[in-house]
Amino acid sequence: MHAYQPLVKKAKTGFGTLDVPVSFVDAALAWLETWLQDETFSAYVPQIAHLIETEQWNFLLDAFYQVIPFGTGGRRGLVGIGPNRINAWTIQASAQGHSQYLIQAHGEKARRRGVVLAYDVRCFTDTRLYAENLPNPVKDLDGRALSHAAAQVYAANGIRVYLFTGPRSTPALSFAIRQLGAIAGCVFSASHNLPTDNGKKVYDEHGGQLIPPHDQQLVDEITRHVDRIHTLDLQDATDNGLLVRIDAEVDAAYQTAASGVFLSPSRGVRILYSPLHGTGLTSVYPVLQKMGFDVHLDPATAFFSGAFENVTFNIPNPEVAQSFDTAIPAADAIDADIILNTDPDADRIGIMVRHHSAWQFLNGNEIGILLADYGISQYRRQGRLTPDSVIVKTDVTTSLIAEIAKKNGVQCIGNLLVGFKYIGDVMNQLEAKGHPKDLILGTEESHGFIMGDYARDKDAVCAAIWLAERAADLKKEGRTLVDALDDIYAAYGYCDNFLTEIRLLGARGVGQIQRIMDDLRKSTIRKVGDFEVTEKIDRWQGPPQPHLSATDTSSRNVMVLKLAPPPDAPIPVRHIRLTVRPSGTEPKCKMYVEVLGQPFEKADGKAVKLAVQTLRDQLVRAFMTHCYGILGVDFPERGFLLFWQLPLDDKMAYFDIEEKIAGLAAVEDAGTRRSELEKLLGFLGANPIQKVDPAFSARYGSGIEAYLRLR
């Protein structure tokens with residue numbers, strides 16, 4: 001009997017206690033056996049043995065039941081040990097398969113033109129479930145190490161590597177591919193995910209992400225045909241001309257190209273900028289400076305750090321309003337007009353606007369509405385607007401943009417699947433026709449935007465320029481971006497777009513997400529709460545049939561419900577739409593709700609917004625309750641007051657301990673109350689009280705710290 005077999009036997013018994021499909025267990029055991037006996041994985045074996053001996057069954061099964069899949073932009077997920085984790089092996093296996101794919105598709109041209117590699121600031125430090133006293137190949141694993149591991153593979157396959165010398169943004173990578181004439185590129189990043197994650201986005205020769213069926217061809221090559229991973233020492237690669245370091249020259253060209261999207265000379269706006277510890281320090285900040293904007297850095301987040309320690313919840317995501325928490329005091333200190341922030345790879349942007357002496361957060365749809373209106377008006381003023389001018393958006397992005405485009409004689413391609421790669425593909429089509437300048441704006445609701453023709457992925461830089469210009473123009477009139485948005489709503493109708501989610505972790509979560517989608521797809525849904533379902537659209541249907549690939553099927557796993565308002569709705573609306581899809585990059589089911597109202601008199605704005613938002617909130621709660629019912633979960637009404645990005649299991653676990661939290665009020669010593677509270681809430685991660693306080697307050701009449709006399 002081999003030494004590893006008792007470990008596999010114990011894992012099989014442990015996996016049998018889990019509520020997951022048998023196919024997941026079988027796959028996990030097969031991969032576990034491979035990693036325990038193959039010399040390739042010898043460095044990982046001590047930690048795997050530790051996880052088995054300490055019976056970390058959920059953690060182990062999730063790490064081994066599959067090879068980490070391709071999502072809407074590439075591979076992204078938890079760093080760790082196993083095929084379903086980001087680690088040196090999964091990255092090098094991907095690079096080997098990518099090398100084979102490129103050589104098959106392009107031959108010697110692939111080797112000659114080469115690939116560009118970039119990385120952001122991420123570094124893995126959350127090793128709590130691993131043994132501290134044993135070697136750990138994933139401890140402190142960062143983007144630099146992952147890019148170097150991949151570079152060894154590309155070089156060993158004879159493919160020249162252009163490697164950035166430090167952290168850079170994702171759009172800088174997209175630009176560099178085009179600038180250097182490379183055949184492909186990769187960026188090592190997990191975008192706006194938690195610090196526990198990392199990943200790899202793959203780009204083609206146009207600087208865009210792969211779309212079906214090409215992404216499936218790459219996945220097949222990686223998962224089916226990588227028999228051996230070839231590596232070459234980086235010094236040898238450099239000596240042989242296979243590794244070229246790139247830095248200032250490419251940076252300067254990128255910054256010049258990005259700044260070329262400007263539409264106005266106005267610069268009279270004061271900006272507080274937070275890179276959220278990320279690569280915007282190499283893109284957004286220097287570009288705004290060079291263009292003459294009065295831009296200041298948030299001191300709390302203006303340095304590289306993969307821990308994102310000064311970002312609330314450690315979630316460096318511009319979609320989350322709390323990501324601005326540290327920036328607001330700094331903005332107040334300099335009397336800023338707007339606050340801009342960007343995620344770690346600086347492709348997404350967020351904004352807060354000082355309006356009537358208070359800070360107002362704008363979501364991605366609101367930003368897109370402002371940019372579309374600004375772009376159209378400036379193109380018209382400059383004589384650049386033509387019948388071929390076009391705005392491109394994904395299907396879940398606000399339909400108000402299509403209304404604005406239509407009424408201004410601008411084309412709108414608005415039904416694209418989620419993923420900026422589809423916007424990049426439309427840009428490629430325009431370029432192939434010789435009309436790249438027809439594009440006014442590419443936009444998606446998740447705070448991603450592109451203007452110009454210098455890149456094929458979203459870029460926070462160009463959006464920052466337009467937002468700052470528009471804010472400066474409005475400031476001359478004593479107005480703000482919020483005023484401009486209200487003008488648009490009055491003219492075209494108020495459109496409330498709301499994103500929420502059910503986050504379901506691990507292999508069990510995959511099954512739960514599938515259960516929700518299967519039920520929505522197969523069942524007859526006549527009503528959601530008081531909202532009548534008038535039409536159900538399954539994006540698996542319609543052309544092309546058959547689907548182009550498994551990745552195409554995955555991208556099209558989208559259900560759309562069109563609904564009629566309740567008979568007692570407080571206001572007439574043009575349409576109500578609800579879209580559901582599994583995330584391609586995170587373990588969650590995403591839900592997009594849109595309620596589009598009628599144009600109105602500006603004096604009625606507050607009443608109209610409140611009425612539409614009331615309808616939206618009513619629908620959101622009814623539909624999420626319906627989905628919880630599919631999972632057999634009796635979800636408390638107060639659960640909707642918890643931080644929306646908490647996993648479902650954590651939300652339910654909070655209610656299991658809520659009375660214990662309240663019971664701490666009887667403990668005499670304040671220090672003991674504090675320490676016991678921290679133990680109870682430890683599973684919630686960073687800023688736990690902030691995540692649950694509204695729900696606690698709704699039951700007990702005050703926040704946790706006040707109730708427990710801790711402040």
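Guide: Strand β5 (residues 197-203) runs antiparallel to β4, and four bridges join the two. Within this pairing, cysteine 186 has valine 202 of β5 standing opposite. Strands are DSSP runs of E with at least two residues, helices are runs of H or I with at least four, and both are numbered from the N terminus. Two strands are said to pair if DSSP finds at least two bridges between them.

The model is predicted, with local features requiring pLDDT of at least 70 and side-chain atom pairs counting only at pLDDT 80 or more, while totals for chains, interfaces and linings use all residues. Residues are numbered from 1 along each chain as its sequence is written, and side-chain values use heavy atoms, leaving out hydrogens and water.

β4 and β5 belong to an open sheet of six strands, ordered β1-β5-β4-β2-β3-β6, in which the pairing is mixed. Its edges are formed by β1 (74-78) and β6 (243-246); each has a single partner strand, so one side of each lacks a neighbour in the sheet. On average, neighbouring strands here are turned by 15° against each other, direction ignored. For such angles, axes are lines fitted to C-alpha atoms (for helices, over the stretch in contact), and values run from 0 to 180 degrees between N-to-C directions.

From β4 (residues 184-188) one passes to β2, with which β4 pairs in the parallel sense over five bridges. Here tyrosine 119 stands opposite phenylalanine 188 of β4. β2 also pairs with β3 (residues 161-164), again in the parallel sense, over three bridges. In that pairing, valine 116 has tyrosine 162 of β3 as its bridge partner.

How is β2 itself placed? Strand β2 (residues 115-119) is largely enclosed by the rest of the structure, because five of its five residues are buried. Buried means under 20% relative accessible area, exposed means over 50%, and partly exposed lies in between (1.4 Å probe, protein chains only). In a regular strand, side chains alternate between the two faces of the sheet. In β2, Val115, Leu117 and Tyr119 point one way, Val116 and Ala118 point the other way, and all are buried.

Helix α7 spans residues 143-156 and includes alanine 145. Alanine 145 is partly exposed, because its relative accessibility is 32%.

Another alanine, alanine 28, lies in helix α2 (residues 22-37). Alanine 28 is classed as buried because its relative accessible area is 0%. Setting aside residues up to four places away in sequence, alanine 28 touches Phe15, Leu61, Phe64 and Tyr65, where contact means heavy atoms within 4.5 Å.

The model also contains an open sheet of four strands, ordered β13-β12-β14-β15, with mixed pairing. Its edge strands, β13 (411-416) and β15 (448-450), each pair on one side only. Strand β12 (residues 390-394) pairs with β13 in the parallel sense over four bridges, and isoleucine 391 stands opposite cysteine 412 of β13.
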